[in-house]
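Here are a few notes to read with the structure open beside you. Take them one at a time, and find each residue as you go.

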Amino acid sequence: SQHVVVRQWVDIPTHGELRAFVFDGRLTGISQYFSAVCFPQLVANRARVQELVEALVQRVLVALSHMREFVVDVAVDADFGRAFVIEL
């Protein structure tokens, strides 16, 4: 079956948009969504950003246990310690 999910619009700073890659049920990579630009704040918060993305991907894997390979676009707000799915 197909589902459409609509949520309230949230402005996301460009440096907070990432893409995560999952293969065989494991997070295998995280990259900036906008790869042509260097974001110093992303570099400075690398460890926290990685931690937030890893935790989010684990929640997605639990919720969608039948999916072992996917790409997920993620919004990260390291200042407030949160990450959420933009698109799966």
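What percentage of the 88 residues of the protein count as buried?

1. The answer is 26%. A residue is called buried when its relative accessible area is under 20%, exposed when over 50%, and partly exposed in between (1.4 Å probe, protein chains only). Please keep in mind that this is a predicted model, where local features need pLDDT of at least 70, side-chain atom pairs count only at pLDDT 80 or more, and totals for chains, interfaces and linings use all residues. Residues are numbered from 1 along each chain as its sequence is written, and side-chain values use heavy atoms, with hydrogens and water left out.

2. Let's start with the overall layout. The protein has 2 helices and 4 strands, and from the N terminus their order is β-β-α-α-β-β. These elements are DSSP runs numbered from the N terminus: helices are H or I with at least four residues, strands are E with at least two.

3. Next, the overall dimensions. Along the principal axes, the C-alpha atoms fill a box of roughly 40 × 30 × 25 Å.

4. Contacts tell you how the chain comes together. Among contacts in the protein with a separation of 6 or more, 56% are made by residues 24 or more positions apart; contact here means heavy atoms within 4.5 Å.

5. Now look inside. The largest nonpolar core has 18 residues, and Val49, Val53, Val57, Val74 and Val76 touch the most other members. At least two core residues come from each of β1 (17-23), α2 (46-63) and β3 (70-77), with α2 giving the most, 7 residues. Such a core is a set of buried Ala, Val, Leu, Ile, Met, Phe, Trp, Tyr and Cys residues joined through side-chain atoms within 4.5 Å. In soluble globular proteins, nonpolar side chains tend to be buried together.

6. If you set aside residues up to four places away in sequence, valine 53 touches Leu18, Ala20, Ile30, Val74 and Val76.

7. Is aspartate 73 buried or exposed? Aspartate 73 counts as buried because its relative accessible area is 7%. Its place is in strand β3. Beyond its neighbours within four places in sequence, aspartate 73 is in contact with Leu18, Arg19, Tyr33, Phe84, Val85, Ile86 and Glu87.

8. Valine 43 has 56% relative accessibility, so it counts as exposed. Its C-alpha atom is separated by 15 Å from that of alanine 75, which is 32 residues apart from valine 43 along the chain.

9. Asparagine 45 sits in the loop between α1 and α2 and is partly exposed, with a relative accessible area of 30%. Asparagine 45 and glutamine 2 are 43 residues apart in sequence, and their C-alpha atoms are 37 Å apart in space.

10. Finally, check a backbone angle. Most residues other than glycine have a negative phi. Aspartate 24 is not a glycine, yet it has a positive phi of about 55°. You will find aspartate 24 in the loop between β1 and β2 (26-32), where it is partly exposed at 45% relative accessible area.
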